[in-house]
Amino acid sequence: EQFALHSAQPDIQVEIRLTKAHIALLEGDVTTALAWASVVMADREAGLPTGAEGHSGVETTLVRVHLTTGSIATALTQIDALIPKLTTQEKITPLIEVYMLKAQAHWSLHQQTEALAALRSALHHAETGQNLEYFVRDVSSLRPVLASFASSVRPHELSPHMRRVIQACDVIFDDVALAVE
């Protein structure tokens with residue numbers, strides 16, 4: 001691993017470190033993810049080029065670290081700074097992820113209205129690409145938001161893509177009204 005990291009191009013090094021941090025988060029290894037985030041943030045504060053400038057994966061992983069460590073306000077500040085950038089750059093896939101993270105953040109603060117609005121934005125942006133993987137990947141943290149969303153809308157208000165997301169995340173609905181599993 002060290003050989004691969006040191007012999008790789010700077011952009012590949014960023015990807016390797018990012019992937020390692022992301023895997024650490026998935027495995028619940030907060031210490032490793034936090035160490036990665038600390039290095040990235042310290043380099044930024046020192047004005048050092050990190051090779052990660054404009055890399056949306058770095059930004060979303062930093063947000064995930066903040067959410068995992070309970071720094072919800074910091075996560076929301078980062079999210080609110082990211083949304084206009086990603087919208088301007090027309091980066092739809094990272095925008096979907098950021099809105100889902102925003103939904104999770106607001107949900108954890110018991111701000112249901114804001115969480116549902118963020119989820120609706122994620123679903124809206126996902127319509128064009130039919131992106132299910134982001135919703136399914138984060139299903140454990142999204143399930144309560146999706147269940148609340150599913151119980152708050154009428155079946156005819158759901159697009160086919162919204163139905164697929166809800167079904168893929170095991171939120172059950174019937175022909176008459178949506179019901180939470």
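Colleague: In which helix is the place of Ser148?

Modeller: A helix here is a DSSP run of H or I with at least four residues, a strand is a run of E with at least two, and both are numbered from the N terminus. By that rule, Ser148 has its place in helix α9. Please keep in mind that this is a predicted model, in which local features need pLDDT of at least 70 and side-chain atom pairs count only at pLDDT 80 or more, while totals for chains, interfaces and linings use all residues. Residues are numbered from 1 along each chain as its sequence is written, and side-chain values use heavy atoms, with hydrogens and water left out.

Colleague: Does Ser148 count as buried or exposed, and which residues does Ser148 touch?

Modeller: The scale is relative accessible area, taken with a 1.4 Å probe and protein chains only: under 20% is buried, over 50% is exposed, and what lies in between is partly exposed. Ser148 counts as buried because its relative accessibility is 10%. A contact means heavy atoms within 4.5 Å, and once residues up to four places away in sequence are set aside, Ser148 touches Trp107, Gln112 and Leu116.

Colleague: Which residues touch the most other members of the largest nonpolar core?

Modeller: The general idea is that in soluble globular proteins, nonpolar side chains tend to be buried together. A nonpolar core is a set of buried Ala, Val, Leu, Ile, Met, Phe, Trp, Tyr and Cys residues joined through side-chain atoms within 4.5 Å. Here the largest one has 37 residues, and Leu119, Phe135 and Phe149 touch the most other members. The elements that give two or more residues to this core are α4, α5 (72-88), α6, α7 (112-129), α9 and α10 (160-168), with α6 giving the most, eight residues. Leu119 itself touches Ala103, Phe135, Leu142, Val145, Leu146 and Phe149, again not counting residues up to four places away in sequence. There is also a second, separate core of 12 residues, which includes Ala21, Ala24, Ala37 and Val40.

Colleague: What is the volume of the second largest pocket, and which residues are closest to its centre?

Modeller: Rolling a probe the size of a water molecule over the atoms shows where empty space is left. A pocket is an open set of points on a 1 Å grid over the protein atoms alone, where a 1.4 Å probe fits and protein lies on both sides within 12 Å along at least five of seven lines, and a lining residue has an atom within 4 Å of a point. Points are joined across faces, edges and corners, and the volume is the space filled by probe spheres set on them. The second largest pocket comes to about 310 Å³, and of its 13 lining residues, Leu25, Arg64, Thr68, Asp138 and Ser141 are the closest to the centre. Helices α2 (10-27), α4 (56-68), α6 (92-108) and α9 (139-152) each supply at least two residues of the lining.

Colleague: How many nonpolar, polar and charged residues does that lining have?

Modeller: Ala, Val, Leu, Ile, Met, Phe, Trp, Tyr, Cys and Pro count as nonpolar, Asp, Glu, Lys and Arg as charged, and the others, Gly among them, as polar. The lining has four nonpolar, six polar and three charged residues.

Colleague: Where is the place of His110, and is His110 buried or exposed?

Modeller: His110 has its place in the loop between α6 and α7, and its relative accessible area of 74% is why it counts as exposed. Its phi is near 60°, a positive value in a residue other than glycine.

Colleague: Which residues is Gln78 in contact with?

Modeller: Gln78, in helix α5, is in contact with Glu59, Leu62, Val63 and His66, leaving aside neighbours within four places in sequence. Gln78 counts as buried because its relative accessibility is 18%.

Colleague: Finally, how many helices and strands does the protein have?

Modeller: The protein has 10 helices and zero strands. Buried residues make up 44% of its 181 residues, and residues 24 or more positions apart account for 56% of the contacts with a separation of 6 or more. By the Shrake-Rupley method with a 1.4 Å probe, where for residues only the protein chains shown count as cover, the protein exposes about 9,700 Å², of which carbon and sulfur atoms supply 56%.
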